[in-house]
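Subject: Structure handover, salt bridges

Hello,

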Amino acid sequence: MDRPLTGKIAFVTGSGRGLGCAMADKLASLGADVAIHDIDATRCQQYGEAQHIEEVAARIARHGTRVIYVLGNIGDPEAVAEMSRRITEDLGTVDILVNCAGGDIGSKGGKPNPNNALDIALEDIQVETNNNLIGTFLVSQTFVRPMRDRGEGVVINIASAAAHMGCTPEVIYSTLKAAVVHYTRCLALEMRPFGVRVNAVSPGPSKTARFQATRVTDPNKMVTNNSLDRYADPEEIADAVAFLAGPQSRFIHGQVLRVDGGLTLFPG
Ligand SMILES: NC(=O)c1ccc[n+]([C@@H]2O[C@H](COP(=O)([O-])OP(=O)(O)OC[C@H]3O[C@@H](n4cnc5c(N)ncnc54)[C@H](O)[C@@H]3O)[C@@H](O)[C@H]2O)c1
């Protein structure tokens with residue numbers, strides 16, 4: 001059971017860099033063939049993680065499973081259809097879908113400014129809604145239909161600790177992630193008779209390259225030690241995704257696993 005995902009095919013959106021990349025790497029290490037994805041081939045350059053997504057794919061392929069990459073905007077139905085066509089042709093039917101692409105990224109590329117409820121620009125609201133919610137809907141529609149028809153599959157939606165509490169700034173982002181949490185529950189209910197498991201992971205602040213480049217970080221929380229009052233290592237989020245993707249979570253459905261070191265210690 002050291003490679004429990006052998007024979008499975010995983011698709012992780014937004015995995016050209018950051019948390020998605022750590023998740024794809026973890027799933028491959030457990031035996032899955034993996035399709036990685038980003039909006040374009042060089043988005044991984046932005047914070048110095050790689051020169052080209054091909055390099056990211058080659059790195060993950062060290063685990064000895066098949067790794068391909070697909071590109072495109074998850075909010076564009078034609079692009080999503082093309083991703084599905086490529087993955088099905090090159091790897092086969094997807095068993096594990098991780099909806100990871102997203103983030104608090106506005107129309108100009110960085111965090112929206114202003115980023116509060118009353119002043120954020122409409123263009124930023126639209127881009128964030130596309131990236132975090134519409135994309136999750138479209139990718140799920142495309143990749144979960146075949147799972148439903150086959151009567152098996154696993155979906156893991158990546159939400160955020162911000163989904164579970166009032167936030168300002170990051171109002172629109174946290175609202176959209178709360179919607180991702182609720183969509184997880186609705187899709188789980190719809191898929192219950194078909195044996196397609198749907199869950200979410202809500203990461204706390206995690207040390208991705210983008211996270212570190214887009215804010216002033218607290219040096220006391222950058223450490224990896226026994227304290228839980230720190231930022232997560234991406235691998236710690238990937239471990240939770242691997243658990244929900246694998247056989248040990250076979251009766252866990254419609255749940256949200258908050259992987260935040262206890263940042264959100266309240267019910268709901
Ligand atoms: N890093 C954190 O602290 C943290 C905390 C909670 C939740 N999250 C969530 O985890 C996920 C990954 O975050 P990250 O820190 O790795 O960020 P990241 O920016 O490094 O990675 C996100 C990836 O998604 C891609 N993407 C975004 N919108 C897209 C679109 N419309 N089409 C195609 N690709 C798109 C980006 O190009 C990027 O490669 C996001 O959903 C984010 O909201 C991150």
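Is Asp40 buried, partly exposed or exposed? The model is a predicted one, and in it Asp40 has a relative accessible area of 25%. Because buried means under 20% and exposed over 50%, Asp40 counts as partly exposed.

The partner of Asp40 is Arg43: their side chains form a salt bridge, with 2.9 Å from N to O. Arg43 is also partly exposed, at 31% relative accessibility.

On the general point, side chains of opposite charge can pair when their charged atoms come close. In this model the count of salt bridges is 15. Two further pairs are described here.

Glu82 and Arg85:
- The closest N and O atoms of this salt bridge are 2.8 Å apart.
- Both residues belong to helix α3, which covers residues 77-90. They are 3 residues apart, or about one turn of the helix.
- Glu82 is partly exposed at 36% relative accessibility, and Arg85 is partly exposed at 40%.
- The pair is part of a network of salt bridges that links Glu82, Arg85 and Glu89.

Lys111 and Asp104:
- Their side chains meet in a salt bridge at 3.1 Å, N to O.
- Lys111 is partly exposed, with 28% relative accessibility.
- Asp104 has a relative accessible area of 3% and is therefore buried, the cut-off for buried being under 20%.

Regards

Methods:
Residues numbered from 1 in each chain as written. Predicted model: local features only at pLDDT ≥ 70, side-chain atom pairs only at ≥ 80, totals over all residues. Heavy atoms only, no water. Salt bridge = Lys/Arg side-chain N within 4 Å of Asp/Glu carboxyl O. Buried < 20%, exposed > 50% of the residue type's maximum accessible area, 1.4 Å probe, protein only. Helix = DSSP H or I, 4+ residues; strand = E, 2+ residues; numbered from the N terminus.
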